[in-house]
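This report describes selected side-chain contacts, backbone features and the ligand site of one protein model. Please consult the sequence and the structure shown here alongside the text.

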Amino acid sequence: MPEIRPVTNENWKELIALNVQDDQKHFVASNLYSIAESQFGEDVPNEGHWDMFPYGIYDDGKPVGFLMIAYNFDCARFQSFILRLMVDEKFQGKGYGRFGMSWMLDGLRADQRVKVVAISYEPENETARKLYASFGFVETGEIVDDEALALLNLR
Ligand SMILES: CC(C)(COP(=O)(O)OP(=O)(O)OC[C@H]1O[C@@H](n2cnc3c(N)ncnc32)[C@H](O)[C@@H]1OP(=O)(O)O)[C@@H](O)C(=O)NCCC(=O)NCCS
């Protein structure tokens with residue numbers, strides 16, 4: 001069974017060693033960048049501060065992927081942003097991406113502070129678009145930082 005583990009001083013090096021395929025590299029930031037970013041979060045004008053939480057996707061004790069969730073309970077439009085999801089090139093197509101999405105959304109559904117979840121992806125990333133749509137994400141038609149924005153209403 002796959003499992004999700006927080007990034008710690010003990011596993012960050014094995015998580016930054018994970019890679020997507022060369023032709024997927026423009027779809028997602030490196031795990032090294034994401035872990036660095038998570039130390040600080042981000043202040044967005046008119047939205048406030050976003051806290052970021054990085055995790056590894058593991059199977060059988062082995063790292064297979066990475067994800068990162070952001071929260072800002074003061075943001076009126078969406079209170080959580082699924083910022084990253086990647087599965088190492090060697091382990092794609094085995095259900096780990098879907099598992100990571102389910103894990104994040106289960107946690108968010110249990111959190112009364114989160115009413116709407118956002119996600120974004122490059123418009124040509126068909127695999128990501130279909131995966132997110134299957135969880136109910138609906139595109140708003142906006143392009144933010146060259147990525148399509150999609151939202152999911154939880155409550
Ligand atoms: C997108 C990504 C996270 C999906 O993870 P994954 O573990 O490979 O996907 P899963 O095995 O859970 O499959 C999820 C769905 O995508 C489909 N899928 C997976 N890889 C695919 C591919 N190369 N082409 C077409 N469909 C694909 C599967 O058929 C599955 O659909 P289903 O559940 O309806 O059968 C992974 O492919 C990845 O890391 N891609 C590169 C980085 C990226 O694009 N991240 C998202 C940025 S927004």
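A polar atom in the side chain of Q79 lies 3.2 Å from the backbone oxygen of A76. A polar atom of the Q79 side chain is also found 2.8 Å from the backbone nitrogen of K115. Polar contacts here are pairs of N or O atoms within 3.5 Å; within protein, one atom must be able to donate a hydrogen and the other to accept it, and residues adjacent in sequence count only if both atoms are side-chain atoms. Q79 belongs to the loop between strand 4 (62-71) and strand 5. Helices (H or I, at least four residues) and strands (E, at least two) are DSSP runs, numbered from the N terminus. With a relative accessibility of 6%, Q79 counts as buried. Buried means under 20% relative accessible area, exposed means over 50%, and partly exposed covers the range in between (1.4 Å probe, protein chains only).

The model is predicted: local features need pLDDT of at least 70 and side-chain atom pairs count only at pLDDT 80 or more, whereas totals for chains, interfaces and linings use all residues. Residues are numbered from 1 along each chain as its sequence is written, and side-chain values use heavy atoms, with hydrogens and water left out.

## Salt bridges

A salt bridge is a side-chain nitrogen of Lys or Arg within 4 Å of a carboxyl oxygen of Asp or Glu. By this rule there are eight salt bridges.

| Pair | Distance |
|---|---|
| E3 and R5 | 3.0 Å |
| R84 and E37 | 2.9 Å |
| R129 and E139 | 2.3 Å |

The salt bridge between R84 and E37 links distant parts of the chain, with R84 in strand 5 (residues 80-87) and E37 in helix 2 (residues 31-38), 47 residues apart. R84 is buried at a relative accessible area of 13%, and E37 is likewise buried, at 16%.

R129 and E139 form a salt bridge. R129 lies in helix 4 (residues 126-134) and E139 in strand 7 (residues 138-144), so this pair ties together parts that are 10 residues apart in sequence. R129 is partly exposed, with a relative accessible area of 24%, and E139 is partly exposed at 35%. A network of salt bridges links R129 and E139 with E126.

In the pair formed by E3 and R5, E3 is partly exposed with a relative accessible area of 32%, and R5 is partly exposed at 29%.

## The ligand site

Which residues come closest to the ligand? Of the 20 residues that surround the ligand, the closest are V87, G95, G97, R98 and N125.

An oxygen atom of the ligand is 2.7 Å from a polar backbone atom of G95. A ligand oxygen atom also lies 2.8 Å from an N or O atom in the side chain of N125. For T127, a polar side-chain atom is 3.5 Å from a nitrogen atom of the ligand. The ligand alone exposes 910 Å², of which the protein buries 68%; accessible areas come from the Shrake-Rupley method with a 1.4 Å probe, and for residues only the protein chains shown count as cover.

The ligand sits in the largest pocket. The elements that contribute two or more residues to the shell around the ligand are strand 5, helix 3 (96-109), strand 6 (116-121) and helix 4. On a 1 Å grid over the protein atoms alone, a pocket is an open set of points with protein on both sides within 12 Å along at least five of seven lines. A molecule sits in a pocket if more than half of its atoms lie within 2 Å of its grid points.

## Loop residues

Most residues other than glycine have a negative phi. D145, which is not a glycine, has a positive phi near 50 degrees, and D146 has a positive phi of about 65 degrees. D145 is placed in the loop between strand 7 and strand 8 (147-153), and D146 is in the loop between strand 7 and strand 8. D145 is exposed at 73% relative accessibility, and D146 is exposed at 65%.

V20 lies in the loop between helix 1 (12-16) and helix 2. V20 is buried, with a relative accessible area of 10%.

Notes:
A residue is near a molecule or strand if one of its heavy atoms lies within 4 Å of it. On a 1 Å grid over the protein atoms alone, a cavity is a set of points where a 1.4 Å probe fits but cannot get out, and a pocket is an open set with protein on both sides within 12 Å along at least five of seven lines; lining residues have an atom within 4 Å of a point.
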